[in-house]
Amino acid sequence: MPRSHIDHLVVTAASLEEGVEYVRRELGVTPQSGGEHARMGTHNRLLKLGEKLYLEVIAANPGAPAPGRPRWFQLDEPESVRAPRLATWVARCDFIHALAPESLGKIETMSRGSFRWLITTPEDGKLPLQGIAPTLIQWLSDSHPADTLEDPGCSLVRFEGFHPRPESVTGVLSAIGFEGEFPVSPGEPALVAQIRTPDGPRRLR
């Protein structure tokens, strides 16, 4: 059976500047330049967390035309981006058409600069299971975004989720053949990432 693994964490914000400042305040490091997603009217900044692992700060791009559709990651919902937060995460696989359940959305082709990928995207822009279930991605490019980033000395130590129906999240993880540690406990929807930084352990949520 095809498998999937954690690819990156997603911090959403009302503006890229707010999201970057949130990460700088919480982790003591500043995300590096990313790029623009023309099809979604968004842009991002990135922070390397390990080999083929990074953190993405993403927001609506005020300098880009409106996409004519709901933006991904609930970026069009004011309440969802009222404050910067660790909103969701993305799992990487090699055979997305064989793995992606319908609950994660349509499979679409996206690009940013030289990077191209296939990704699951709900048509209404909602986060699957309030963001506790991952988005699924398959990179089509020869390189991975983390390969192009400077190493700031950060690494993901522990990643966990909370949801009122944890079995729904674990059901999605089983469907996509997820391999890795991602415990899910009962509770209000939330993600918590323990990250080792040059200034010691920090927590992002």
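Mentor: Ala 146 sits in the loop between strand 8 and strand 9 (155–162). Strands here are DSSP runs of E with at least two residues, helices are H or I runs of at least four, and both are numbered from the N terminus. This is a predicted model, where local features need pLDDT of at least 70, side-chain atom pairs count only at pLDDT 80 or more, and totals for chains, interfaces and linings use all residues. Residues are numbered from 1 along each chain as its sequence is written, and side-chain values use heavy atoms, with hydrogens and water left out.

Ala 146 is buried, because its relative accessibility is 0%. Buried means under 20% relative accessible area, with a 1.4 Å probe and protein chains only. Leaving aside residues up to four places away in sequence, Ala 146 touches Lys 48, Gly 50, Lys 52, Leu 53 and Tyr 54. A contact is heavy atoms within 4.5 Å. Ala 175 is 29 residues from Ala 146 along the chain, and their C-alpha atoms are separated by 26 Å.

Now the strands. Strand 3 spans residues 42–50. Seven of its nine residues are buried, so strand 3 is largely enclosed by the rest of the structure. Strand 3 pairs with strand 4 (residues 53–60) in the antiparallel sense, over eight bridges. Pairing requires at least two DSSP bridges between two strands. Two residues separate strand 3 from strand 4 in a hairpin, and Lys 52 in that turn has a positive phi of about 55 degrees. Thr 42 has Ala 60 as its bridge partner in strand 4.

Eight strands make an open sheet with mixed pairing, in the order 2-3-4-1-5-8-7-6. Strand 2 and strand 6 (106–112) are the edge strands, each pairing on one side only. Helix 1 (residues 16–27) lies across strands 1, 3, 4 and 5, at about 145 degrees to strand 4. For such angles, axes are lines fitted to C-alpha atoms, for helices over the stretch in contact, and values run from 0 to 180 degrees between N-to-C directions.

Definitions and conventions. Buried means under 20% relative accessible area, exposed over 50%, partly exposed in between (1.4 Å probe, protein chains only).
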